[in-house]
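Subject: Structure handover

Hello,

Here is the structure I promised to pass on. Please open it alongside this message. My notes follow below.

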Amino acid sequence: MVRAIVGANWGDEGKGKITDMLAKESDIIIRFQGGSNAGHTIINNYGRFALHLLPSGVFYDHTTSIIGNGVALNIPYLINEINDLISKGVPKPRILVSDRAQILMPYHVQFDAYEEERLGGKSFGSTKSGIAPFYSDKYAKIGFQVSELFDADSLREKISRVCETKNVLLEHLYHKPLLDPEELFAELLKYKEMVEPYVCDVSAYLYEALKEGKNILLEGQLGSLKDPDHGIYPMVTSSSTLAAYGAIGAGIPPYEIKNITTVVKAYSSAVGQGAFVSELFGEEADELRRRGGDKGEFGATTGRPRRVGWFDAVASRYGCRIQGTTEAVLTVLDVLGYLDELTICTGYEIDGEIVKDFPVTCKLEKAKPVYKKMPGWKCDIRGIRNYNELPAECRAYIEEIEKEIGVPITMVSNGPGRDEIIMRK
Ligand code: GDP
C-alpha cells in the first residue's frame with residue numbers, strides 16, 4: 001500500500017514528525033521532489049534532528065529510505081546528513097538513490113545566490129540551495145543524472161559543453177569567476193565515489209516491493225501552495241509538491257497511491273515572499289512566532305523568521321482538495337492554548353465580493369481576510385491522548401476546521417514528539 005504524506009499549506013506543517021511516526025509501520029519511505037532547501041524537524045528518542053534531504057523514516061532499522069528520481073540530489077549534503085545521523089547514535093540507515101535522480105551541481109548553488117543578488121529587493125526569497133537553477137537545467141535538458149557519473153568520457157564531453165553556456169552568463173550577466181571544466185570533472189568523480197554504494201534502479205525495486213505488498217510512504221516537501229502549477233506562482237518552489245507527483249518522482253503507477261494524508265497546520269506560517277491573506281504583524285505575530293513549532297517559527301534550513309498568521313480555511317480547503325486528500329492531520333494545535341480567542345479566515349474579500357475558492361495569484365494579492373472568532377481553551381493540551389479529554393473549545397476549533405476543509409481529520413498532533421498524537425478515527 002502506498003501512502004503519501006503531503007502539506008496543505010506553505011510547508012512546515014509538521015510532515016516530518018508525521019512521517020517519522022508512520023514510518024514505524026512502513027517498509028520504505030521515499031522523497032520524491034525538492035532538495036535540501038527545506039527542512040523537516042524530527043524529535044524522537046535519538047534527539048532533535050533537522051533533516052533536509054533524507055526521508056524522515058531513516059530512524060528505524062527496519063526501513064529503507066529512498067531518494068527518488070524527482071529529487072534535486074546534492075551528493076555531499078546527502079553524505080554529510082548520513083554521517084551526522086550515525087555520529088548521533090542512529091543505526092546506519094539503509095539508503096537507496098535513484099540512478100535517474102539528477103545531481104545538484106556546485107554551480108547551481110552559485111547561480112542561485114548570484115540571481116538573488118542581481119534581483120536585489122525583487123528577489124523570490126530563495127534559500128540559495130540551488131533548487132531553481134537545478135530544475136531549470138533539468139527541463140532545459142542540460143542536467144546530469146546520477147547514471148551519467150559512470151561514463152567518464154561522455155561526462156567530460158558534456159561538462160565542457162555545459163560550461164560554455166554557463167560561462168557566458170557568469171561573464172556577461174553576473175560578472176563572476178568562470179567555471180573550469182576540468183575542476184568540475186574532478187569534483188564529479190568525487191561525487192561518483194560518494195554515491196556509488198547507494199545507486200539503484202528505484203522504479204524496478206519499487207515494482208517488486210509493490211508485488212510483495214510492502215508498505216510505502218511518499219514524503220512530500222513544502223505544501224500545496226508552493227506547487228509551481230497550483231500554488232501562488234511565481235512565489236513557489238520549482239518542483240511539484242503534490243501527492244500526484246509522487247508517482248513520477250518515485251517511479252510508481254499513480255493508481256498505487258491509495259491514501260493521501262495531508263498535513264494541515266492549526267495556524268498559518270510561511271517563508272519567502274508572496275500574498276499571505278491571514279498574516280499577522282507586530283506584537284501578535286511576534287508572540288505566535290515565539291511560541292510556534294517546537295522552538296519558535298524559524299526556518300529549519302535558513303533560520304529565517306517565518307511569517308505567521310491565523311488559520312486560513314480558504315487556502316487549507318484548496319490545499320487539501322488539490323492534493324486529493326483522503327485524510328487530514330491537524331498539527332501544532334498545542335501552540336494555540338495561550339489565546340483568549342481563536343480566529344479563522346473563512347473567506348476572502350476581493351473587489352467587494354466574498355470568495356470561498358482560493359484564487360489565482362493576481363486576485364489573491366487583492367484579497368482581504370473575512371474572519372470568524374471562536375473562544376480559546378486557555379490551557380496546555382500537551383500530554384492528552386484521548387480526543388474526548390480535549391477541552392470543549394478545542395474540539396469545537398478542530399471540528400470547525402474539519403467542516404471548513406471538507407475532509408476527515410483523523411489525527412491531531414499536540415506536541416513535536418513522536419508520541420504526541422491523538423488518533424481520532
Ligand atoms: P515539515 O517541513 O512539514 O516537516 O515541518 P517542519 O519540521 O519544518 O516544521 C514543523 C515544526 O513544528 C517543527 O519544529 C516540529 O518539531 C514542530 N511540530 C510538529 N508537530 C508539532 C506539534 O504538534 N506541536 C508542536 N508544538 N510542534 C510541532
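Let me start with D12, which sits in the loop between strand 1 (2-7) and helix 1. Bear in mind throughout that this is a predicted model. Beyond its neighbours within four places in sequence, D12 is in contact with G39, K265, S269, V271 and R306.

H40 lies in strand 3. Is H40 buried or exposed? Its relative accessibility is 4%, so H40 counts as buried. Setting aside residues up to four places away in sequence, H40 touches K15, G16, R31, F49, A50, L51, S56, E219, G220 and Q221.

**The second largest pocket**

This pocket holds about 490 Å³ of space. Its lining has 30 residues. D12, T41, G293, D294 and R306 lie nearest the centre of the pocket. Three elements each supply at least two lining residues: helix 1 (15-22), strand 3 (40-44) and strand 4 (47-51). By class, the lining has 11 charged, 11 polar and 8 nonpolar residues.

Where does the pocket sit relative to the domains? Domain 1 (1-98 + 197-259) and domain 3 (263-421) both give residues to its lining, so the second largest pocket lies between them.

K141 is found in the loop between helix 4 (131-139) and helix 5 (152-174). With a relative accessible area of 69%, K141 is exposed. H40, by contrast, counts as buried.

**The cavity**

The count comes to 1 cavity of 30 Å³ or more. The largest cavity has a volume of about 30 Å³. Its lining is made up of W10, K226, I232, A270, V271, Q273, G274, A275, F276 and R307. Of these residues, 6 are nonpolar, 2 are polar and 2 are charged. Domain 1 and domain 3 both give residues to this lining, so the largest cavity lies between them.

**Domains**

The domain assignment gives domain 1 (1-98 + 197-259), domain 2 (100-193) and domain 3 (263-421). The C-alpha centres of domain 1 and domain 2 lie 24 Å apart. Across that pair, 24 residues of domain 1 are in contact with 19 residues of domain 2.

**Two more spots to check**

One is helix 8 (residues 243-250). Of its 8 residues, 6 are buried, so helix 8 is largely enclosed by the rest of the structure. The buried residues are A243, Y245, G246, A247, G249 and A250. G251 follows helix 8, and the phi of G251 is positive, near 95°.

The other is G415. G415 is placed in the loop between strand 19 (409-413) and strand 20 (421-423). Although in a loop, G415 counts as buried, at 5% relative accessibility. What does G415 touch, neighbours within four places in sequence aside? G415 is in contact with K17, D334, R382 and E420. G415 and S65 are 350 residues apart in sequence and 25 Å apart in space, C-alpha to C-alpha.

Best wishes

Notes. Residues are numbered from 1 along each chain as its sequence is written. This is a predicted model: local features need pLDDT of at least 70, side-chain atom pairs count only at pLDDT 80 or more; totals for chains, interfaces and linings use all residues. Side-chain values use heavy atoms; hydrogens and water are left out. On a 1 Å grid over the protein atoms alone, a cavity is a set of points where a 1.4 Å probe fits but cannot get out, and a pocket is an open set with protein on both sides within 12 Å along at least five of seven lines; lining residues have an atom within 4 Å of a point. Grid points are joined across faces, edges and corners, and a volume is the space filled by probe spheres set on the points. Helices (H or I, at least four residues) and strands (E, at least two) are DSSP runs, numbered from the N terminus. Ala, Val, Leu, Ile, Met, Phe, Trp, Tyr, Cys and Pro count as nonpolar, Asp, Glu, Lys and Arg as charged, and the others, Gly among them, as polar. Domain bounds come from an automatic or database domain assignment. Contact means heavy atoms within 4.5 Å. Buried means under 20% relative accessible area, exposed over 50%, partly exposed in between (1.4 Å probe, protein chains only).
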